[in-house]
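Hi everyone, thanks for coming. I'd like to walk you through a structure that may be new to you, so please have a look at it with me.

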Amino acid sequence: MGLMTENGSTAAGQEACSLKFLIYGRTGWIGGLLGRFCAERGIPFAYGGGRLENRAQLEADIAAAAPTHVFNAAGVTGRPNVDWCETHRVETIRPNVVGTLTLADVCRESGLILVNYATGCIFEYDGGHPLGSGIGFKEEDTPNFVGSFYSKTKAMVEELLTNYENVCTLRVRMPISSDLTNPRNFITKITRYEKVVNIPNSMTILDELLPISIEMAKRNLTGIWNFTNPGVVSHNEILEMYRDYIDPNFTWKNFTLEEQAKVIVAPRSNNELDTAKLKKEFPELLPIKESLIKHVFEPNQKTSTT
């Protein structure tokens with residue numbers, strides 16, 4: 001396992017060279033993007049080769065890479081979607097629960113901070129956080145969504161990780177990137193669906209937030225963080241932007257949650273997360289709709305929006 005490095009001669013480059021990241025999730029979407037962002041910033045990094053649930057392999061990875069920080073972007077989300085987890089429960093538990101906890105424990109014994117990309121799909125709108133109210137779930141709120149087995153495992157492991165003072169838990173939701181060909185991209189998904197629901201949600205623009213996660217590691221931040229852009233955006237609002245910026249002939253059909261329930265196995269989470277904590281640490285963080293335009297739609301623009 002070789003370290004992939006880029007050296008810079010600037011002050012920023014010298015700072016980067018004092019860092020060394022070990023990343024899990026090389027073949028995953030977020031893990032791959034994270035490596036690219038590190039390379040662009042001249043931060044030396046290595047991808048871990050060990051399986052998360054294999055303690056000896058993780059210890060060997062850390063010994064070989066000698067990192068300053070560890071990032072976990074590995075785990076099972078299911079293919080083609082989280083419905084897979086409903087019928088593959090042990091295969092879901094092994095990396096998402098056993099593996100994540102093992103990595104956190106090995107990092108703690110090694111004196112290392114673990115930046116763990118988790119999920120915010122452990123909440124759903126309720127009486128205290130009504131749809132459209134602007135009242136988001138905070139970091140300290142107890143998860144209330146148990147509709148899918150995937151979300152159950154994520155809520156379990158998040159609670160257990162609060163006992164590890166070395167872990168930074170980042171609640172990602174409905175991730176979006178500027179790569180509109182990636183099948184994991186929320187925009188790519190909904191443009192390919194026959195019908196979509198139309199519900200405002202908190203979402204994560206990876207082009208903006210993954211670099212922030214690198215900065216969070218530099219600052220040695222820990223604890224739980226709602227890792228989405230401020231505010232909410234609905235499916236239809238995103239598809240309207242897609243039509244205006246990418247494909248003027250694009251059309252779509254909506255259906256209700258009740259109709260959606262007939263074609264999926266497990267219910268899906270819909271919520272708004274409160275981002276005040278992240279915004280206070282990173283005041284430059286853009287609201288979701290502004291971030292979508294700046295980081296996703298303007299770079300991919302194919303039509304005139306005038």
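I'll talk about the strands, then a helix, then the cores, and end with a single residue.

One thing to keep in mind as you look: this is a predicted model.

Let's begin with strand 4, residues 113-119. How many of its seven residues are buried? Seven of the seven, so strand 4 is largely enclosed by the rest of the structure. You can see that on both faces: Ile113, Val115, Tyr117 and Thr119 lie on one side, Leu114, Asn116 and Ala118 lie on the other, and all are buried.

Now for the neighbours of strand 4. Strand 3, residues 69-72, pairs with strand 4 in the parallel sense, over four bridges. If you want a pair to look for, Phe71 has Val115 in strand 4 as its bridge partner. Strand 5, residues 167-172, also runs parallel to strand 4, and six bridges join the two. There, Asn116 is partnered with Thr169 of strand 5. To get from strand 4 to strand 5, the chain passes through helix 6, residues 149-161, making a right-handed β-α-β crossover.

Let me stay with strand 3 for a moment. His69 and Phe71 point one way from it, Val70 and Asn72 point the other way, and all of them are buried. Strand 3 also pairs with strand 1, in the parallel sense and again over four bridges. In that pairing, Tyr24 has Asn72 of strand 3 as its bridge partner.

On to helix 3, which covers residues 55-65. Which of its residues are buried? Leu58, Asp61, Ile62 and Ala65 are. Looking down the helix axis, these buried residues fall within an arc of 95°, so they line one face of helix 3. As a reminder, an α-helix has 3.6 residues a turn, so residues three or four places apart point the same way. What does that buried side pack against? The buried residues of helix 3 meet strand 1, strand 2 and helix 5.

At the start of helix 3, a side-chain oxygen of Asn54 comes to within 3.2 Å of the backbone nitrogen of Ala56. Just after helix 3, Ala66 has a positive phi of about 45°.

Next, the inside. The largest nonpolar core has 33 residues, and those with the most contacts inside it are Phe21, Tyr117, Met216, Phe227 and Leu278. Which element gives the largest share of this core? Helix 8 does, with seven residues.

Finally, please find Ile224, which lies in strand 6, residues 223-226. Is Ile224 buried or exposed? Its relative accessible area is 14%, and buried means under 20%, so Ile224 counts as buried. Ile224 and Cys168 are 56 residues apart in sequence, but 6.1 Å apart in space, C-alpha to C-alpha. Leaving aside neighbours within four places in sequence, Ile224 has contacts that include Glu139, Glu158, Thr169 and Arg171.

Technical notes:
Residues are numbered from 1 along each chain as its sequence is written. This is a predicted model: local features need pLDDT of at least 70, side-chain atom pairs count only at pLDDT 80 or more; totals for chains, interfaces and linings use all residues. Side-chain values use heavy atoms; hydrogens and water are left out. Buried means under 20% relative accessible area, exposed over 50%, partly exposed in between (1.4 Å probe, protein chains only). Two strands pair if DSSP finds at least two bridges between them. A crossover is right-handed if, with the strands pointing away from the viewer, the path from the first strand over the helix to the second runs clockwise. The arc is that of the directions from the helix axis to the C-beta atoms. Contact means heavy atoms within 4.5 Å. A polar contact is a pair of N or O atoms within 3.5 Å; within protein, one must be able to donate a hydrogen and the other to accept it, and residues adjacent in sequence count only if both atoms are side-chain atoms. A nonpolar core is a set of buried Ala, Val, Leu, Ile, Met, Phe, Trp, Tyr and Cys residues joined through side-chain atoms within 4.5 Å.
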